[in-house]
Amino acid sequence: MHELSIALGILKIAETETAKANAKKVELIELEIGTLAGIEFDSLDFIWPSAVKNTVLEHAHRKINIIQAKAKCIDCDHIYKINKYYDSCPICNSSFKGIIQGKELRVKLLEVT
Amino acid sequence: MCGTCGCGTDGNSPVIQMPKKHDHQHEHGHEHPHNHKHSHSHNHSHSHDHKHKVLQIEQDILQNNQVLASRNRGYFEAKNIFALNLVSSPGSGKTSILEKTLKDLKNDISFYVIEGDQQTLNDANRIDALNIPVIQINTGKGCHLESDMVYDAVKQLEIKNGSILMIENVGNLVCPSMFDLGENKRIVIISTPEGEDKPIKYPDMFHTADICIINKIDLLPYLNIDLEKLKQYALQVNPNLQFFEVSAITGEGMQAWYHWLKSNI
């Protein structure tokens, strides 16, 4: 259940940035989460209300941009979508790859009032 | 809850303590909410223009953990400390491998140990029995160690230059994979009864590890497990993994692991 840690990490960023902007609360929070970031979205949904209760995020609308993971094959340079770490290159079948996107876990923007 | 005396602390904040050094001071880790059950009258009016301000943040959610992990890493580098983060599911034999390693090498290498568990000082007591400096982090309800806990623990351990620091994470094959502690190498331990497909069932942990120790090989005659298949699965997830096949009970295969440890300090 590391999603609680993640939710508290998001809250910390939101609180810091809201205070910096002299705002009172967050209307919209936009997150970017990659498909290989290790986040279970159902768990995040489950934990969210208790994590943000009585905070600047309590009534914020949450928007999540899900980023599809992609890898570049180290052997043949082919760029392909991956769903699992062990997906191998569809062209040459090599397991050697660099993950080029899909591990994002980021607060992209906040709309505050 | 305090592992020694049972007196209560907030279950959400980690408790860091050394065996036999409990002085009965507990931090007050929780906050008391200030409930506003009454309303305040408000006699002046506000212009109410609802100005929305958009803030471009672009900040990693785990940034705080990363920053402190880098700080730990810098500290280890400056003091020539080789720090290892041991991860596995509960019961794979992390503590047994540690005990065996410490017993066999403690005359050659200076070791320090950080033990992570949700509750109890049991593991720290096992290490303490070997006269190795050890500190226990009880994460309460937390399912993994984070870099700030290691940072606090390391400060209390006062590690000598040129030592090996073993950080035994909370037994959990999922959550600890996301949290860099500042370690030099991450060691994932899997035991033979767990089955050959663990690496693809829990790929994150194997993807982020450098070394994979396969423990309990003394049980192979009694199990229906294909060791080569296990390694093949693990290599699909992480082609750079290096393996050691050991039994912490019989000592079989431990020499190769010792050789690797010695070559890194």
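## Exercises: a sheet and a chain contact

Chain B holds an open sheet of eight strands, ordered β1-β5-β4-β6-β3-β7-β8-β9, with mixed pairing. Strands are DSSP runs of E, at least two residues long, and helices are runs of H or I, at least four, numbered from the N terminus. Two strands pair if DSSP finds at least two bridges between them.

This is a predicted model: local features need pLDDT of at least 70, side-chain atom pairs count only at pLDDT 80 or more, and totals for chains, interfaces and linings use all residues. Residues are numbered from 1 along each chain as its sequence is written, with chains lettered from A and ligands numbered from 1 in the order written.

**Exercise 1.** Find which strands of chain B stand at the edges of the sheet.

*Solution.*
- Step 1. β1 (15-17) and β9 (242-245) of chain B each have a single partner strand, so one side of each lacks a neighbour in the sheet.
- Step 2. Take β1(B): β1(B) pairs with β5 (134-138) of chain B, antiparallel, over three bridges.
- Step 3. Within this pair, Q17(B) stands opposite Q136(B).

**Exercise 2.** Describe how chain A touches chain B.

*Solution.*
- Step 1. Count contacts (C-beta atoms, placed from the backbone, within 7 Å). 28 residues of chain A meet 28 residues of chain B.
- Step 2. Name the elements giving two or more residues on the chain A side: α1 (3-20) and β6 (105-112) of chain A.
- Step 3. β6(A) gives the most, eight residues.
- Step 4. β6(A) pairs with β2 (53-60) of chain B, antiparallel, over six bridges. Here V107(A) stands opposite Q59(B).

How values were computed. Two residues are in contact if their C-beta atoms, placed from the backbone, lie within 7 Å.
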